[in-house]
Amino acid sequence: MFDKTYRQRLEADLAQWEADGVIAPAAAGSIRNALPPLSPGINIAVVVAIVGGLLIAAAFLAFVAAHWTEIARLLRFAILLAGMIVAGGLGAWFAATGRNILADLCASIGAIVFGAGIALVGQMYHLGDDFAGGMLLWSVGAFAAALLTGSRGALAVGLAAACIWTCMRVYDAPDSLHLQFIVAWLIAAAIAFAWDSRVAAHLVAVAVIPWWVATSLRFDFDGAQPSFVLANGAALLFGGGLAISAAPSPRAQRLGSVLSIYGAFSLAVVAFLEVTTVDDLFRLRTATVTAQPPWAVACGVAGVILALASAGLTRRAGEILAACAIGLVLIAAPIWPASAAGEPWFAYAALLCAMLCLVVSGVLDDVRPRIVAGWLGIAGVIAAITWAVKGSLLRRSAFLAVSGIIAVVFASALNRLLPRAER
């Protein structure tokens with residue numbers, strides 16, 4: 001929850017409680033005084049300044065590029081170095097005057113100029129054509145800038161460069177796992193944990209997705225479906241996020257909650273992809289095999305175990321259902337090839353139950369993003385089943401009708417049991 005929104009809601013609640021006589025005015029005043037001051041937000045002047053800074057940086061790069069061949073090599077290098085120094089100097093001045101957003105922007109621009117400098121210096125002096133290595137160097141430099149300045153933008157630049165680096169390495173060597181990216185990602189996760197920043201946590205959560213996608217698409221699985229590999233990645237992200245959020249540290253709770261949210265949405269997307277890709281709405285493999293890579297299966301199993309461990313620590317029933325949702329999505333993968341001759345009704349049922357468990361899990365734990373992810377997953381799976389290529393539309397309509405009837409009966413049973421449990 002954003003701090004400003006929370007303060008507005010708290011202020012309204014305090015005023016209402018005072019009017020109702022629930023708390024004394026002195027108690028309300030003490031609560032207000034105990035709250036730390038709000039950090040300044042982004043106003044119109046800051047937005048205009050950010051746009052102006054980006055335009056100046058773009059003009060600088062365009063001018064240098066237009067006259068690049070006419071400028072001596074030493075002068076080119078001096079221009080690039082001056083660009084980084086000016087960006088860093090302005091960032092330090094903005095930080096000293098309390099304009100942290102502009103300081104973050106300057107650090108980000110400095111990291112971008114550093115990456116441009118790597119490419120242009122390599123072109124000037126005809127260095128090795130290892131473009132992926134240059135992206136790694138750019139990522140390391142951006143991470144260093146993030147550590148020194150606390151810039152979220154520099155961290156975003158470093159993660160973007162790292163994602164490009166790992167995608168290129170996976171493309172160059174599709175027969176081997178590129179585990180070096182995991183080291184870089186863990187460094188970024190440690191930075192986000194140390195900063196206790198929700199923005200950094202979102203960046204770290206997003207950055208792990210390209211590695212899984214690139215690995216699932218390029219790894220030589222002899223025909224294995226990429227959606228099955230992605231399912232294991234989503235399971236690990238979801239379960240790992242739940243386990244981290246179960247830690248007593250508030251920093252770990254905030255980081256883990258963000259990771260679990262992205263894991264929930266990834267699980268919903270994977271459920272949709274399993275139906276659309278395996279049923280050949282979109283053909284990604286010419287063959288299908290029952291076996292999955294052992295490392296991927298281990299990641300999926302670890303996700304289920306971590307989710308169950310989190311449920312044991314927090315005593316939340318919703319997290320038990322989250323573990324069930326993860327397990328059902330993973331179970332659908334080995335069920336599918338067994339039903340190659342006909343329609344995979346059990347796999348369809350497992351995916352629908354998984355998304356229903358995800359929705360109920362979010363309702364029980366009062367986690368709205370998990371609820372949204374579950375509803376999106378239900379809608380996607382139903383749409384994919386309806387328009388699946390194999391099998392008859394009549395049988396699929398009958399399957400959906402039976403599933404709906406079972407869901408209504410289950411809802412009626414819950415409606416009768418819940419009041420008794422509350423008593």
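Arg254 and Asp196 are joined by a salt bridge in which the closest N and O atoms are 2.8 Å apart. Arg254 belongs to helix α11 (residues 250-278) and Asp196 to the loop between α8 (180-195) and α9 (198-218), so the contact ties together parts that are 58 residues apart in sequence. A salt bridge is taken here as a side-chain nitrogen of Lys or Arg within 4 Å of a carboxyl oxygen of Asp or Glu; helices (H or I, at least four residues) are DSSP runs numbered from the N terminus. The model is predicted, and local features need pLDDT of at least 70, side-chain atom pairs count only at pLDDT 80 or more, and totals for chains, interfaces and linings use all residues. Residues are numbered from 1 along each chain as its sequence is written, and side-chain values use heavy atoms, with hydrogens and water left out.

Arg254 is partly exposed, with a relative accessible area of 38%, and Asp196 is partly exposed at 30%. Asp196 also has a backbone feature of its own: its phi is positive, at about 55°, although the residue is not a glycine. A positive phi of about 55° is likewise found at Asp366, which is not a glycine either. Asp366 is located in the loop between α14 (345-365) and α15 (368-386). With a relative accessibility of 69%, Asp366 counts as exposed.

In total, the structure holds three salt bridges. Another of them links the side chains of Glu319 and Arg316, with an N to O distance of 3.7 Å. Glu319 is buried, its relative accessible area being 1%, whereas Arg316 is partly exposed at 41%. A further salt bridge is formed by the side chains of Asp365 and Arg370, at 3.0 Å from N to O. Asp365 and Arg370 are both buried.

Helix packing was examined for two pairs. Axes are lines fitted to C-alpha atoms, for helices over the stretch in contact, and the angles run from 0 to 180 degrees between N-to-C directions. The axes of helix α10 (residues 226-245) and helix α12 (residues 294-314) come within 7 Å and cross at roughly 25°. The helices α10 and α12 are therefore roughly parallel to each other, given that angles under 35 degrees count as roughly parallel, over 145 as roughly antiparallel, 65 to 115 as roughly perpendicular and the rest as oblique. The crossing of α10 and α12 is left-handed, a term that applies if the near helix is turned anticlockwise from the far one by less than a right angle. For helix α7 (residues 152-172) and α8, the packing angle is about 165° and the axes are 10 Å apart. The helices α7 and α8 are therefore roughly antiparallel to each other. Their crossing is also described as left-handed.

C-alpha separations were computed for several residue pairs. Gly312, a residue of helix α12, is partly exposed, with a relative accessible area of 35%. The C-alpha atoms of Gly312 and Ala243 are separated by 9.9 Å, and the two residues are 69 residues apart along the chain. Val329 lies in helix α13 (residues 317-338) and counts as buried at 0% relative accessibility. Between Val329 and Met355, which are 26 residues apart along the chain, the C-alpha separation is 8.6 Å. Leu14, in helix α1 (residues 3-20), is buried, with a relative accessible area of 1%.

Phe77 is found in helix α4 (residues 73-96) and, at 40% relative accessibility, counts as partly exposed.

How values were computed: Helices (H or I, at least four residues) and strands (E, at least two) are DSSP runs, numbered from the N terminus. Buried means under 20% relative accessible area, exposed over 50%, partly exposed in between (1.4 Å probe, protein chains only).
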